Amino acid sequence: MSSDASSARVRVWDLPTRLVHWALAVLVLVAWLTGGERMDIHRYAGYGILGLVVFRLYWGVAGGSTARFSEFVKGPGTVLAYVRGWRAAPSSFGHNPLGALSVLLLVILLISQIGLGLFAVDVDGLESGPLARFITFETGRKAADLHELNFRLLQAAIVLHLVAIAAYALFKRRNLVGPMVTGRDATAGLEGELRPAPLWRLALGVVIAVLVVVLIARAG
């Protein structure tokens, strides 16, 4: 294969998918650093994460082809086969079967984190989630404890995610970070084509995410 062919790059990730990915990384870090200290910032970071997760769920159904859950979520047999031979497995166009599990795990933990945070109440009852007024103080305290526990699980999942990225770079010489920045990946070993979603679907997803955040914020 010529150097020009091997260095050719093709679009894999659309812009909304990449923006959500990196915005979530930033806001989760902000929420972590401000939890218990700057609850005003922590709350806004939580609202931002809520909007991003709502949009990502929508985009997983209506977005570009590589963002859709139906395109990359595989059955247990496919995942196990990939794990057994992952070092020799050809490069995947988009998420590989194991990466799909990582995405699903992170999404589930983020949903749990947001949901618990919306109902959480601190020990003094001075800081609480916007939906805490609909439950008892005791239930709100339990939500706060689970919010803390779930975040430890989220941290562990993020570490595993980073370890997997490092393993691909070390053992398979595959850069997974660059394509999530530029949207493009080398064509060598890749089979597929990004089918982008029309602009109106993007606009609709943004409207839905904003409306959900506004409604929940006003409920408090």
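In which helix do Phe55 and Trp59 both lie, and how many residues apart are they? Both residues belong to helix H3 (residues 39-62), where 4 residues, or about one turn of the helix, separate them. (Helices, H or I runs of at least four residues, and strands, E runs of at least two, come from DSSP and are numbered from the N terminus.)

The legends below describe a predicted model, in which local features need pLDDT of at least 70 and side-chain atom pairs pLDDT 80 or more, while totals for chains, interfaces and linings use all residues. Residues are numbered from 1 along each chain as its sequence is written, and side-chain values use heavy atoms, without hydrogens or water.

**View 1. The protein chain as a whole.**
Let us begin with the complete chain. The protein chain contains 9 helices and 2 strands. Read from the N terminus, its elements follow the order α-β-α-α-α-α-α-α-α-β-α. The C-alpha trace spans about 65 × 40 × 30 Å along its principal axes. Among the 220 residues of the chain, 38% count as buried (under 20% relative accessible area; exposed is over 50% and partly exposed in between, with a 1.4 Å probe and protein chains only). Of the contacts (heavy atoms within 4.5 Å) with a separation of 6 or more, 71% are between residues 24 or more positions apart.

Rings of Phe, Tyr and Trp (its six-membered ring) pair if their centres lie within 6.5 Å, with planes under 30 degrees apart called stacked, over 60 edge-to-face and the rest tilted. The count by this rule is 6 aromatic pairs. One of them joins Phe55 and Trp59 in a stacked arrangement, with 5.3 Å from centre to centre and 20 degrees between the planes. Ring pairs also bring in Tyr58, so that Phe55, Tyr58 and Trp59 are linked into a cluster. Are Phe55 and Trp59 buried or exposed? Phe55 is buried at a relative accessible area of 7%, and Trp59 is buried too, at 2%.

**View 3**
Phe69 and Phe72 form an aromatic pair of the edge-to-face kind, with ring centres 5.8 Å apart and planes at 65 degrees. Helix H4 (residues 69-72) holds both residues, and they are about one helical turn apart because 3 residues separate them. Phe69 counts as buried at 19% relative accessibility. Phe72 is buried as well, with a relative accessible area of 3%.

Side chains of opposite charge can pair when their charged atoms come close. A search of the whole structure turns up 5 salt bridges (a side-chain nitrogen of Lys or Arg within 4 Å of a carboxyl oxygen of Asp or Glu). One of them joins the side chains of Glu71 and Arg195, at 3.0 Å from N to O. This pair links distant parts of the chain: Glu71 sits in helix H4, while Arg195 sits in the loop between strand S2 (184-186) and helix H9 (199-219), 124 residues apart. Glu71 is partly exposed at 37% relative accessibility, and Arg195 is partly exposed at 47%.

**View 2. Two further salt bridges, Arg152 with Glu148 and Asp40 with Arg38.**
The side chains of Arg152 and Glu148 meet in a salt bridge with an N to O distance of 2.4 Å. In helix H7 (residues 137-171), Arg152 and Glu148 are separated by about one helical turn, because they lie 4 residues apart. Arg152 is partly exposed, with 42% relative accessibility; Glu148 is also partly exposed, at 41%. Asp40 and Arg38 form another salt bridge through their side chains, at 3.0 Å from N to O. Asp40 counts as partly exposed at 39% relative accessibility, as does Arg38 at 44%.

**View 3. Val213 and the residues around it.**
Which residues does Val213 touch, not counting residues up to four places away in sequence? The answer is Tyr47, Leu50 and Gly51. Val213 itself is part of helix H9. The C-alpha atoms of Val213 and Gly51 are separated by 5.9 Å, although the two residues are 162 residues apart along the chain. Val213 is buried, its relative accessible area being 17%.
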